[in-house]
Amino acid sequence: MMSLFLRDMKLSVRAGGGALIGVLFFTTVVAVVPFGVGPDLNLLSRIGPAIVWIGALLASLLGLDRLFQAERDDGSLDLMLMQETPLVLTVLVKCLAHWTATGLPLVLASPLLGLFMNMNEVAIGAVMLTLLVGSPAITFIGAAGAAVAVTLPRGGLLVSILILPLTVPVLIFGVSASYAAVEDPAPFLPPFAFLAAITLFFAVIGPLGAAFALRGNSD
Amino acid sequence: MSEPIPAIKKFSDLANPTVFLGLTARIVPFLAVATALLFAVGLYLSFTTEGDYQQGETVRIMYVHVPAAWLSMMCYSIMAASALGTLVWRHPLADVSAKAAAPLGAGFTFLALITGSLWGKPMWGTWWEWDARLTSVFVLFLMYLGLIALMRAFDDPARAARVSAVLILIGFVNIPIIKFSVEWWNTLHQPASVMRMGGSAIDPEFLRPLLVMAAAFTLLFFTLHFLAIRNEIWRRRVSAQRRLAARMANREA
Amino acid sequence: MSHAFYVNLSYAAAVLVVLALTLWTYLDGKAQQRALKELEAAGIRRRSAAHQEEKGQP
Amino acid sequence: MRLLAENLSVRRGDDLLFSNLSFELAAGEALVVTGRNGSGKSTLLRTVAGLISPETGRVRLTGAGIESGRRAGEASHYLGHRNAMKQELTVRENLAFWQTWLGDFPGGRGLDIEEAAEAIGLSGITHLPFGYLSAGQQRRFAMAKLLVAHRPIWILDEPTAALDFAADRLFAGLVTRHLEAGGLVLAATHQPLGLAETRQLEMKGFRYEGDYAA
């Protein structure tokens with residue numbers, strides 16, 4: 001299991017890997033917003049958490065379609081399907097590696113973008129924390145979508161379209177927890193606990209669904 | 001590497017990577033020592049000179065902020081010159097130079113943004129402001145990162161060189177925008193004060209540490225750039241020899 | 001917060017960035033050198049280097 | 001150890017590729033599947049490997065020390081058209097990954113990575129990235145993958161397609177050694193593999209009738 005994790009990490013860091021592209025996309029998407037809404041700092045700080053969350057959501061969808069397609073293209077997927085190792089576990093490890101390589105850098109870059117959005121320190125901390133807890137859920141859902149679209153030649157866009165509606169709950173609770181941390185009357189913990197629950201839920205459902213889809217898709 | 005170093009007779013000899021490696025081996029120690037000395041003097045000066053009566057202690061941030069910002073633009077200009085060298089004269093080391101400079105440029109631009117932010121908080125009361133100067137420097141930072149990603153994405157260095165050279169030249173539009181943004185638009189950022197017509201507008205008390213630090217940062221950049229070019233040449237040799245090794249293994253078998 | 005805090009923080013950032021760049025350059029150089037050594041040990045030489053050796057030993 | 005395929009039928013879309021196909025393979029035996037393009041050779045192999053579920057019939061594994069219900073795929077190496085190696089990683093990283101990931105099937109041990117490279121005649125270049133190698137070299141390292149982890153059954157789909165004559169001979173040697181050690185080989189091929197004693201199964205598309213083993 002560890003060997004698969006290390007291999008996937010190596011692949012995403014080596015040339016052509018998606019780790020840098022994800023962060024770059026995230027930064028660019030968030031940086032474009034002030035040009036659209038104008039440099040009104042009060043407005044920016046109000047919409048900041050939402051923008052950072054949406055940017056992170058889009059950026060973490062970027063490399064997802066290659067999660068299984070790359071394995072399928074060179075035949076590795078066949079060998080993984082044949083093993084006695086439960087496929088669910090294989091998928092889970094691949095998700096974790098993918099998140100560590102592409103999701104974690106987004107979390108680490110988010111405070112910097114928070115500054116650009118003129119968010120205060122508490123809001124930045126809250127967004128970073130919610131992203132840390134919530135972004136794995138996106139990867140887990142995405143794994144299921146990627147598995148469904150694995151045999152399609154141009155599945156990349158389809159994966160995004162399939163997954164985006166499913167990530168809406170993650171977005172809702174992530175953003176509402178971030179706002180709750182800033183605005184006094186709303187409590188922070190309930191939406192945050194919900195977010196954590198969603199992530200745990202998808203950590204089970206996502207790999208299960210992905211494994212099922214991969215078995216059904218093999219030909 | 002104990003190979004004899006061929007003598008440099010004309011400028012075009014620099015195109016020979018072996019000659020360049022020999023030159024690097026001779027020059028870099030001096031550059032490194034000079035950089036260290038200048039930094040020692042510069043740091044001493046920056047912490048002993050007096051604070052500004054308006055800006056107080058924070059004026060010391062200028063001694064790292066301005067050199068970093070200056071380097072971020074100089075590095076891009078060097079990359080643009082290298083890009084011209086690649087496209088027009090097909091100088092074999094030009095694209096190596098551009099590729100080696102990109103991460104350095106990104107690093108110094110990042111430093112300029114960070115220190116600018118740290119300066120802006122006590123002075124303007126905000127970490128970041130979407131004004132013309134700051135935005136254009138941020139765009140420069142994104143361009144550096146994009147170029148790094150682009151250069152890494154190609155397998156074939158020759159193709160990567162041409163494509164990224166075109167992009168570098170297109171992006172060069174940004175440099176004059178950064179330079180003159182403070183004059184063209186009415187912004188929060190203060191206008192240039194060191195280099196302008198009719199002499200510097202800055203008190204010699206601040207000018208001295210600033211110039212020393214700028215020189216130190218510039219030398220640091222050149223030291224690192226030389227070393228990065230050397231690394232890139234080695235990287236290409238490794239890659240060429242690996243291909244050779246693969247071919248030789250075939251012949252033996 | 002006092003101004004000294006911002007000054008110290010920005011100098012710390014400068015030191016960090018400079019060290020990171022220097023370290024990266026140094027380590028990258030070491031890695032490439034190691035790769036070259038490994039290849040040389042495996043008996044692969046650059047054509048020009050091999051050529052000079054032949055000339056040196058008639 | 002015996003590999004039993006019983007009454008296999010596989011349908012792709014609306015086409016019945018083959019039906020009621022049965023065969024039996026004992027330790028030390030090789031079965032070469034031949035036939036026209038599209039006659040279902042690859043499909044048969046993938047079915048035995050467990051990558052396709054057949055419409056009827058099943059693939060079984062019997063023998064000492066094998067609990068019933070174990071899938072044949074777990075005891076098999078599958079070498080398909082694609083090499084299952086990553087271009088960006090070095091040969092050694094690729095092989096080391098598969099070695100630890102696959103693990104040894106009970107009853108044997110895989111070779112060391114360098115030994116495996118030696119066996120396919122390409123020792124000394126395992127430190128190169130896989131993408132730097134020529135197509136033939138890549139194929140040979142894909143075969144080294146069969147050696148680094150022990151599997152009694154080798155399922156080979158056009159194994160020698162990208163190989164020259166010398167490599168062809170080398171591979172025939174590997175397969176022969178595997179058979180002598182009590183392994184089983186199931187191969188689909190156009191070219192003769194150069195094996196001494198093999199049984200043949202000719203696929204004739206969906207007109208196939210009858211029981212091969214009988």
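Modeller: Let's start with a word we will need: a residue is buried if 20 or more other C-beta atoms, placed from the backbone, lie within 10 Å of its own, exposed if 12 or fewer do, and partly exposed in between. Helices (H or I, at least four residues) and strands (E, at least two) are DSSP runs, numbered from the N terminus. This is a predicted model, in which local features need pLDDT of at least 70 and side-chain atom pairs count only at pLDDT 80 or more, while totals for chains, interfaces and linings use all residues. Residues are numbered from 1 along each chain as its sequence is written, with chains lettered from A and ligands numbered from 1 in the order in which they are written.

Biologist: Thanks! How many residues of strand 6 of chain D are buried?

Modeller: Strand 6 of chain D covers residues 153-157. On one side Ile153(D), Ile155(D) and Asp157(D) are buried, and on the other Trp154(D) and Leu156(D) are too. The strand is largely enclosed by the rest of the structure, because the buried count is five of the five.

Biologist: Which residue stands opposite Trp154(D)?

Modeller: Two strands pair if DSSP finds at least two bridges between them. Strand 6 of chain D pairs in the parallel sense with strand 5 of chain D over four bridges, and there Tyr78(D) stands opposite Ile155(D). Strand 6 also pairs in the parallel sense with strand 7 (residues 184-188) of chain D, over five bridges. In strand 7 of chain D, the residue opposite Trp154(D) is Val185(D).

Biologist: Stepping back, what pattern does chain D follow along the sequence?

Modeller: Chain D has five helices and eight strands. Read along the sequence, they follow β-β-β-α-β-β-α-α-α-β-α-β-β.

Biologist: And what is the radius of gyration of chain D?

Modeller: The C-alpha atoms of chain D fill a box of roughly 50 × 40 × 35 Å along the principal axes. The radius of gyration is taken over C-alpha atoms, and the globule rule is 2.2 Å times the number of residues to the power 0.38. For 214 residues a compact globule would come near 17 Å, which agrees with the value for chain D, 17 Å.

Biologist: What percentage of the contacts in chain D between residues at least 6 apart join residues at least 24 apart in sequence?

Modeller: Two residues are in contact if their C-beta atoms, placed from the backbone, lie within 7 Å. Buried residues make up 43% of the 214 residues in chain D. Of the contacts you ask about, the share joining residues at least 24 apart is 74%.

Biologist: Which strands stand at the edges of the open sheet of three strands in chain D?

Modeller: That sheet has the order 2-1-4 with antiparallel pairing, and the twist averages 15° from one strand to the next. Strand 1 (residues 2-12) is joined to strand 2 by eight bridges, and Ala5(D) stands opposite Phe23(D) in strand 2. Each edge strand has a single partner strand, so one side of each is left without a neighbour in the sheet: these are strand 2 (15-26) and strand 4 (56-62) of chain D.

Biologist: At what angle does helix 1 of chain D run to strand 1 of chain D?

Modeller: Axes are lines fitted to C-alpha atoms, for helices over the stretch in contact, and angles run from 0 to 180 degrees between N-to-C directions. Helix 1 (residues 41-49) lies across strand 1, strand 2 and strand 4 of chain D, and its angle to strand 1 is about 125°.

Biologist: Which helix gives the most to the side of chain D that touches chain A?

Modeller: The contact takes 20 residues from chain D and 19 residues from chain A. On the chain D side, strand 5 (76-79) and helix 2 (91-102) each supply at least two residues. With four residues, the element that gives the most is helix 2 of chain D.

Biologist: Which helix of chain B supplies the largest share of the side that touches chain C?

Modeller: Chain C has two helices and zero strands, and 26 of its residues are in contact with 32 residues of chain B. Helix 3 (94-124) and helix 7 (204-252) of chain B each supply at least two residues of that side. The largest share, 15 residues, comes from helix 7 of chain B.

Biologist: Last one: how many C-beta neighbours does Val148(A) have inside 10 Å?

Modeller: Val148(A) lies in helix 7 (residues 121-148) of chain A. Leaving aside neighbours within four places in sequence, Val148(A) is in contact with Leu162(A) and Ala213(A). Val148(A) counts as buried because its number of C-beta neighbours inside 10 Å is 22.
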